[in-house]
Amino acid sequence: MFWVQGVWPLVGRGNELNTLREAVANPAWNGAVLIGPAGIGKTALAQSAARDLGAEYELLYLRGSVITADTPYGALNFVLSELDDDAVDNPLVLLKSLRHLFASRIDGKRTLILVDNIEDLDSASAMAIAHLVRSGSVKVLLICQVLQAAPEEFSDLWKDELIRRVDVGPLSLADTTQLLAAALEGPVSRSVVLDAWHVSGGSPLFLQAICREQVDSGYITVQDGIWVASGRKAPDPSRTITERITARLTRLTIDQLRTAEIVSIVGVIPLELLTEFAGGDEIDALMESGTLQIGLSQRPTVRMANGLVGDVIRAQVPIGRSRELLYQLAAASLKVPMPALSRMNYAAWCLDCSMDIEPELAIESAQLANRYFNTEGALRFLEAIPPAQVGAAEVTEEARAYGNLGDTNRALAVLESFNESVLDPAGLGEWIGMQALRCRLLTRDHDRFVDVDGLLDEIRKRLTLEGQVDRADLAGFLAETVVLEAELNAYNGKYPTMVEALGGLLNRSGTMDTSISHQLCGWMAEALCMTGRQEDALRLSRLVVSRLADSSDDPLIAEAAQVRLFAVMLISGEWERCLSMLTDHAESALAGIFDGSSFELAEGCLYAYAGRGAEALGKLLPALSQLRIRDRQEFLSLAEAATAYAYALTGDVQLSMSHLAQVDLESRRYDWHTSRATKYFAVLASTATQDPLLAAQEMLDLANEDRAEGNLGHELFFLCQAVQLGLVDEAERLATSGMDGQGVFAEICALYGKGVASGDTAQILQAATLAASVGNRRLAADAASLVQRLANNGPGEGERRAAIAADTVLRSVGRGGGELRERVLDKLTERERSIARLVVQGSSNRDIATLLTLSIRTVEGHMYQVYAKLGVSNRSQLKLILE
C-alpha cells in the first residue's frame, strides 16, 4: 500500500491537464487560473502541468500567505534579492527590472510562475505578477479557491482573455474507484468507494486521509483479495483531519460558520428553511467556496458538499450553542416543514446533546432509520421512548430492525410477544402495520409462509368490520393493504393476480394519496412486464419515475420506482440502457434502499446476461466479497451463481464449479426475482461440466413453470436459452411467445425462433443484429454463428452475403474472423487443440478416443475444458468458432 501513505497518483484530470498545458504552451494565452475548493487537487494538478512543460520553461513557485499578506512584495522577496536596491525602491524601475530579469533567463527558457493561494498574496506582488503577464514576460498558473476573493488584477487577466479559467471539480465516482484501487493496490468494492466518495465529496486530499484512517482502524479490510467494508463502525475523523479542516474553517465569517453548523446538524435542509437562519450572501459565499451544495428540484435543498467537513463542524459545536441551534430549528420548522430525513438527523443531534425528544419524533425517526437500513440508529431512537409509552408502533419498528439484520426469527418473536389486547381500538393503523410486517417476515420462511394468506384475511375482515363505521382514514388503510398484497404477490411471482387486482383500483387513483398511487403504478408496471406487456410497462414505469423526479419529497419512493424501471428494462431487453441507468444513479444519488454493492452486482449480472464474462467478473468479484460480509438484501447466492457463470464464460471450470457449490436456495425463502435469476445463472454455469442439452432441458422446465404461472414475459429468458443450448424443437414455441410479447427482447426472440425453426438465415441475422444493438452479445454471437454455419451449407451468392454480414456482427461483439480462431486456439492446451480440431471434422467422442488412444471419459473431460475456455455450450458452437 505504498500510495496510501505516500503521494497519490493524479487520476481523472486528463482534460484539465491538457487545458493547462495548452494555456501555457499556446502563444495566444499567457497561462491559466485554477479555481476550486480546498483539497480538490489544484496544486497537484498545476505542478503536474509544470513538470510536463519543464523542458521549455523554468518554474518559479510562489505562495500567498497570511503572514506576508500585508508586506509589500512579500511573496516576491527572494526574487527581489537579485535586483539592485535602487530598483526595489522605485515601482516603475522595479517592474522594468523584473521584465529584464525574466527575459534573460539562462538556456533561453521562459519563466512559468506557479502562484498558490493567490487570495493571500500581497497587493504589490499581485500587481507586479499581473504586469509581467500583460507584458508577456512570464506565463502563470494561478491557484485559488474563489476568484472573487483574489486580487482584482488576476480576475482582470481572465476577463481580458489573457489567461484561461480552469474550474477543478470533485472526482467522479469512476475516478474515485480508479484512485482507491491504485492507492490500495487492488480492487475495491463499490460500497467502500461509494462511502468514501460521499464522505469526501470527491476531494483527493480527504480521500487519502479517509482511506488511511479506514485501513488503520480495520473499517476496510481485504476479503478474497478485494478491499471491502468490514462491518465495523466507521472511525471518527482523526486529529490530523480535524485540525486541517478546522484551520480552513477559520476563513469563514461567524455568520457563514453558523450557517454551515445548521446544515451539518440536519444533513439536508430546504433552501427556504435555511434562509430563516442565514442571509443570501452567506449562502452564496458558502456555495461559491464549495462548502455547501444545492440540489435543484421543485423544492431546492442544501447539504454539505463534503461529509467529512460536516462531521468536524458538527463535533465542534459547543453544547450551549447546540441547544440554541436546536431551539431555533424547532421554531423555524413550524413555518417551513423539515423533510423527514432532516427531522431524523435533528432527532439524532438532540440525543447527542443529551436532550429528550418527543416520542412522536422518536418513532418517526426510527421508522425512517429502518427504511434506510440504519438498524443501529433505529434501535437508538426506540430506546429514547419511555417504557410506559411503548406500544404497537414501537414494537413494530424494533421487529423491523431485527428483520433488516436478517434475524427473522427474533423479529417474529418480538411481534408475537406483544399483547395485542392492550391496543387502543382506535389504533387501526398500528394494528395493520404490525400485521403487515408479520406478513413480510413470514413470507421469507420456508415453513411458515403459508400463514400469510390467513393474516391477510384477518386484515381484510378487520377493514370490512371497520367499514361499517364512518371512518375518514379507512380509504388510506385499504390502499396500504393493496400495496402490501402487491408486494407479497411480487415476492411470490404471482403477477397475473397483481394485474387483475390493481387494474380497477388504479382507475380510481385520483382520490388516492399520491405516494400510494405511485407505488401501485410501479407494482402494476412490473406485473405488466412479467406477463408479456413490456412496452406498456415501460411507459408506465417511466411516467412514475418522471413524476417522482419532479415532485417527490421521499427519495426512497423515487429510488424504488427507479429500481422497478430497471427491472422492466431488463426483461424488455434494453440492457445497454440498464447499464447507463446504473451509472447515472450511482453518480447522482446517495445510497438508500440499495447500497453500492447492490448496484455493482446488478452491473455484473447484466454483463453476465450478455455473455461478457471478463467484464462481469470485474463487477461481480468485488460485490461478492462485500456481500460475504454484509448482505442486507440477501443477494449472496445470486452473486455466487452469476460469478460461477462468468467464470464458465472465461473458461475457468474449477472456479466456476467452486462458486456454483456455494449457491444456496434452501436455507431461506428468496423473493421470486432473486430465485429465478439465481437458477438461470446456475443452470448456465453447469454447462461447464455437463452436456448442454441437459442444461437446455432445465431451462425448458423453468420456462414451463413461468408459463404455468402466467409470467409470459419472463418465460422468454429461459425459453430462448433452451433453444440457444440446442433444443431447436422449441424454436417455434419461442417464435410464438416472442410474437405474443412486447419489447425488443420479445422481437429478437420471435425473429430468432422463426429463423431457427425454418432455417431462414435472413431472420436469424436480423435477430443477431438487433441483439447486438441492445447489448445482448451472447445471443448475437450465437445467432450470427448459426447464420455462418447455415450459409456454409449453401453455395449461392445470398449465403455468401449472409456469412459476411454475420461475420460483421461477430466482430462487433468481439468474435469472428481468423484472428478470433487464433486467439481461441491459444487458450487451449496441445491435447485440447487436437480434440477440438477432430470435433470440427465431425468426429464423435468415441472416434476421438480411438484415434488418440484415450478413454471416452478422458475425452469428455477435455471437451468440458474446451467448452469452458472458449465460452461455448455445444459442438455446433465450437465448430462455428473454429471452422
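Me: How many bridges join strand β3 to strand β4?
Reply: 5 bridges join β3 (residues 110–116) to β4 (residues 138–144), and the two run parallel. Strands here are DSSP E runs of at least two residues, and helices are H or I runs of at least four, numbered from the N terminus. Two strands pair if DSSP finds at least two bridges between them. This is a predicted model: local features need pLDDT of at least 70, side-chain atom pairs count only at pLDDT 80 or more, and totals for chains, interfaces and linings use all residues. Residues are numbered from 1 along each chain as its sequence is written, and side-chain values use heavy atoms, leaving out hydrogens and water.

Me: Which residue in β4 is the bridge partner of Ile-113?
Reply: That's Val-140.

Me: And what order do the strands of the sheet come in?
Reply: The order is β2-β3-β4-β1-β5, an open sheet of 5 strands with parallel pairing. β2 (57–63) and β5 (164–167) are at the edges with a single partner strand each, so one side of each has no neighbour in the sheet.

Me: New topic: which residues touch the most other members of the largest nonpolar core?
Reply: Leu-502, Leu-601, Phe-681 and Tyr-752, out of 117 residues. A nonpolar core is a set of buried Ala, Val, Leu, Ile, Met, Phe, Trp, Tyr and Cys residues joined through side-chain atoms within 4.5 Å. Buried means under 20% relative accessible area, exposed over 50%, partly exposed in between (1.4 Å probe, protein chains only).

Me: Which helix gives the most to this core?
Reply: Helix α27 (residues 514–530), with 10 residues. A second, separate core has 55 residues, including Ile-245 and Met-355.
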